[in-house]
Amino acid sequence: MTASVPRISRRGLLGTVPVLAVAGGVLSPRGTAWAAGSEGISWPAGQELPTFAGPERLDALFMAGDTPTDVQLLVTTLQGLVNRKRPEIYIIKGEAGEGRKTWLDDSKVPYREFTDPWKVIRKHLDRAKGVVIYDPAVVESINVATTLAGLKDAVIASPELAEKLAAEPFEMRVVDDLRGRFSSNIEATAWQFDNLWPQTSHRVVLGINPGQSAPIPPDNWNDFAEVAREDRPIRDGSNRLVYEFDLSAFAGGDKLYLRFQDSQPSDGWGGALHELTLTADGEPVANFVAGDETERASLFDRGGAGFKPQTDDGDSHRFADGTTYFIYELTVPAGAQTISVALDMFNQFLVSASKTAPAVSSDDRIPASQQLRDYAVALKAMPFWLGSNDSPEEAELMSRIFSSCERGTPYLGWFSGEFAGVKLASAEGVYVLAADFLENSTVHGGFRAPVEPQVAADAPALENKVYLTFTFAEGDNVQYCQHRMRVLWDDAGRGSVPMNWSVSPLLVDVAPLIVSHYLRTATPNDLLVAGPSGAGYFYPSFWPQDHLPEFLGQNKAYFDALGLHMIYALDDIPVLEEASANAYADQLGLDGIVFAMWAERSETTIMADGRLPVSNQIAHTDRAEVLRRIRVNAEAFDGSKPLFIAVAVAAWDQTPSDVAWIMDQLGEEFVAVRGDEYFSLVREAYDQNAIASGRRLPTAPGTSTPGTSTPSPAPPSP
């Protein structure tokens, strides 16, 4: 038995304050109303994210990208403090892809332009009750300072900036000083979880990275020489071997540095290492497998590389995709003459070596500013940043924080490792909104805009054609919806070919102006669909199964508000489980699901007792390769029955014009349709072609029977 499903009132979406009502007139029990004293924030029980007061006039700060970090942190926390009552400060740093003023002008709210952050600071700083000083030597203290600033109605500052603020004309008092308080980042997070978490709002948690890699000089790796390269486009581990290399040319020092990269950085699949054994003068001197304590201690520079922990069906491995890399520092016995290394590795690897340490490691972090920090201050929430996949201690603390949240709580921000982080959150019933670079959330949450649900299209008559449906990825990412999607939306090719656009259903709360624009300006060939994997990004197979139907039921209000009947889903297993399919069918009544497998074959299965079609997608970052994969999938098409192919569009790499180009290369037997049309045709074909021994749909060669699929791992998000 699930909880009653909340409904968003139409008046609320069109009027001033969104209100949640429920079938039967009973509020959803999840959550409590926003605490008294936060005058401009409306957050009824059952509403996923808050609504801010409507802005009347804005001070728009167009801040240079090279503005000192401590000034950015100061003005952003001031923005959250001021906007808590009513949005007055709007900040754009550098040049937004969609244009600095695009959303601001769309809002029709009058604004005054500023380029000097100090003019905005001087105008509004009297709202703050003091300054919290962070410790630049422990970057996580920036998050602790942010939490304290929200609780104490303060702003945060570096030690140097605090001195300036203590002097005339500001004369700001110090309400807390974190210098010397913590010896490490994890200690800072643990302290605030123990001491500040009980005082903060638990209706949302925020993952904000307070640091960035130190700048890497262009000659940082000049001393490295190539040792091995795999040039073949291998992504399935079929070249996995223990490769042995003579490194005696790098003898003569007490250290050896090995760098692992992606030999083909454009395709999303890089080299992976499971085990390393180093031998000097015939004796083993180092041996580790990816993820063990020795391996982690040997990492000189993680370089943004990923890590896959050991699972039941495979070994752990560290992998470098795209431009990421990782470097080991290995100790060599003094006087060693011969050195060799054995590497258990696979896929598209590039290995180089040096006996000289790079001058800088990307793991050396310096303070950084991200715009989501205003949200933390305004909501009195606790931002934190922990390693989700490469530090058992940090992952354990992250799990403790998530387990302290009520199931169905949103986590805004991101992770150091996407897949491990989403699994940790999902296991505790916490869903993710990628939002670490979301700008002006405290203003967008107050903009008013009409949100009318889209109308489903009537499917064309079913013919013996090859039906394609193209779905833009990344829609769960609200900063993508704010920036990159607007650029794609304005592309000249949009509207020429039917396309599906994944979006976050929670834009209804966090940025109604943004989703309103997409709904109002959509062509008949544009369909909004929910991004992975519902109201937010989570893995259905990891979500507490006794809660999944209830959670999806709570999503339904947002689906109805936007007229969403299709999901772009993700999981960390190669198929959607039957229990998950049943929950989606029961609670959301979807037309269908496109599953993000990034496979070379598209297949469609009918799940949930014939109620839910699920199509896994083919994809690639290069449009020519996408075209090739479509043709391969259609090789067996003979015109005797329809064929269905789902295609994921790599939103960071491709545009609507690229989709139009793909269709221009295909013959008249290929027909592109919107997702609602696609799944209507799939259902019709299924009914017409059902067979007693499994009711298989007509799909590309190599597809499976309903309810199963061929495993194919998904690449990391860009």
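1. Buried means under 20% relative accessible area, exposed means over 50%, and partly exposed lies in between, with a 1.4 Å probe and protein chains only. By that rule Trp103, at 1% relative accessibility, counts as buried. The model is predicted: local features need pLDDT of at least 70 and side-chain atom pairs count only at pLDDT 80 or more, while totals for chains, interfaces and linings use all residues. Residues are numbered from 1 along each chain as its sequence is written, and side-chain values use heavy atoms, with hydrogens and water left out.

2. Aromatic pairs. A pair of aromatic rings is described by the distance of the centres and the angle of the planes. Rings of Phe, Tyr and Trp (its six-membered ring) pair if their centres lie within 6.5 Å; planes under 30 degrees apart count as stacked, over 60 as edge-to-face and the rest as tilted. The count by this rule is 32 aromatic pairs. One of them is edge-to-face and joins Trp103 to Tyr518, at 6.1 Å centre to centre and 85° between the planes. Trp103 belongs to helix 3 (residues 102–107) and Tyr518 to helix 16 (residues 512–521), so this pair ties together parts that are 415 residues apart in sequence. Tyr518 has 0% relative accessibility and therefore counts as buried.

3. Tyr539 and Phe542 form a tilted pair, with 6.3 Å centre to centre and 55° between the planes. Tyr539 is buried at 1% relative accessibility, whereas Phe542 is partly exposed at 32%. Both residues belong to a cluster linked by ring pairs, which also includes Phe384, Phe402, Tyr411, Trp414, Phe415 and Tyr537.

4. Helix 7 and helix 10. Helices (H or I, at least four residues) and strands (E, at least two) are DSSP runs, numbered from the N terminus. Axes are lines fitted to C-alpha atoms, for helices over the stretch in contact, and angles run from 0 to 180 degrees between N-to-C directions. The axes of helix 7 (residues 185–195) and helix 10 (residues 392–403) come within 11 Å and cross at roughly 20°. That makes helix 7 roughly parallel to helix 10, a term for angles under 35 degrees.

5. Residues between these helices. Contact means heavy atoms within 4.5 Å. From helix 7, Ile186, Thr189, Ala190, Phe193 and Asp194 meet Glu393, Glu394, Leu397, Arg400 and Ile401 of helix 10. By class, this contact has five nonpolar, one polar and four charged residues. Here Ala, Val, Leu, Ile, Met, Phe, Trp, Tyr, Cys and Pro count as nonpolar, Asp, Glu, Lys and Arg as charged, and the others, Gly among them, as polar.

6. Helix 20. The buried residues of helix 20 (residues 656–665) are Pro656, Asp658, Val659, Ala660, Ile662 and Met663. Their packing partners include helix 14 (484–489), helix 19 (623–633) and strand 35 (643–649).

7. Helix 18. Among the buried residues of helix 18 (residues 578–588) are Ser580, Tyr584 and Leu588. Just after helix 18, Gly589 takes a positive phi of about 55°.

8. Ser516, in helix 16, is buried with a relative accessible area of 0%. Leaving aside neighbours within four places in sequence, Ser516 is in contact with Ala449, Pro450 and Val451. Gln617, in strand 34 (residues 612–618), is buried with a relative accessible area of 0%. The C-alpha atoms of Gln617 and Glu603 are separated by 7.6 Å, and the two residues are 14 residues apart along the chain.

Technical notes: Parallel < 35°, antiparallel > 145°, perpendicular 65-115°, else oblique.
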